[in-house]
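Subject: Structure for your files

Hello,

Here is the structure we spoke about. Please look it over before reading the notes below it.

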Amino acid sequence: MKINGVNRVTNIYKNNMVNKTNKVNQAKSKDTVELSSVAKDFQVAREMGKKVPDVRMEKVEEIKAMMQSNNYNIEGKEVAKKMVESGFDVQI
């Protein structure tokens with residue numbers, strides 16, 4: 001039995017391999033990202049926010065001292081006002 005066209009099949013195979021390697025080489029190009037000036041400002045603000053403590057200890061100590069000396073008296077209206085302001089983002 002005689003097989004004809006083996007060279008054509010191997011040439012097709014070689015061409016496919018070249019195309020695949022070209023695609024792989026193209027895919028290896030590096031992606032780049034550019035941040036807008038607004039995004040950079042947000043990034044700076046976020047970093048600054050991380051440096052600020054979540055709890056102001058001097059304020060906590062002041063309120064503790066006032067509570068222990070029975071001088072910490074707040075009206076219910078003031079509490080309600082602060083709750084509305086913080087919950088609804090409204091200034092009263």
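**What was found**

The protein chain exposes about 9,500 Å², and carbon and sulfur atoms supply 56% of that area. Accessible areas come from the Shrake-Rupley method with a 1.4 Å probe, and for residues only the protein chains shown count as cover.

This is a predicted model: local features need pLDDT of at least 70, side-chain atom pairs count only at pLDDT 80 or more, and totals for chains, interfaces and linings use all residues. Residues are numbered from 1 along each chain as its sequence is written, and side-chain values use heavy atoms, with hydrogens and water left out.

**Fold and burial**

The protein chain has four helices and zero strands, in the order α-α-α-α from the N terminus. Helices (H or I, at least four residues) and strands (E, at least two) are DSSP runs, numbered from the N terminus. Of the 92 residues, 1% count as buried. Buried means under 20% relative accessible area, exposed means over 50%, and partly exposed lies in between (1.4 Å probe, protein chains only).

**Helix α4**

α4 (76-88) is hardly covered, with one buried residue among its 13. At 1.5 Å a residue, α4 should span 18 Å, and its end C-alpha atoms are 18 Å apart, which agrees. The expected span is 1.5 Å times one less than the number of residues in the helix. After α4 comes Asp89, with a positive phi near 55°.

**The loop between α3 and α4**

Asn70 is found in this loop. Its phi is also positive, near 60°, in a residue other than glycine. Asn70 is exposed, at 64% relative accessible area. Ile74 also has its place in the loop between α3 (57-68) and α4, and is partly exposed at 46%.

Ile74 belongs to a nonpolar surface patch with Met67, Tyr72, Val79 and Met83; together they have about 490 Å² of accessible area. Patches are made of residues with over 30% relative accessible area and no salt bridge; like charges are joined within 9 Å, nonpolar side chains (Val, Leu, Ile, Met, Phe, Trp, Tyr) within 5 Å.

**Salt bridge**

A search of the whole structure finds one salt bridge, meaning a side-chain nitrogen of Lys or Arg within 4 Å of a carboxyl oxygen of Asp or Glu. Glu47 forms it with Lys50, and the closest N and O atoms are 3.7 Å apart. The two are three residues apart in helix α2 (residues 37-51), so about one helical turn separates them. Glu47 is partly exposed at 38%, whereas Lys50 is exposed at 54%.

Regards
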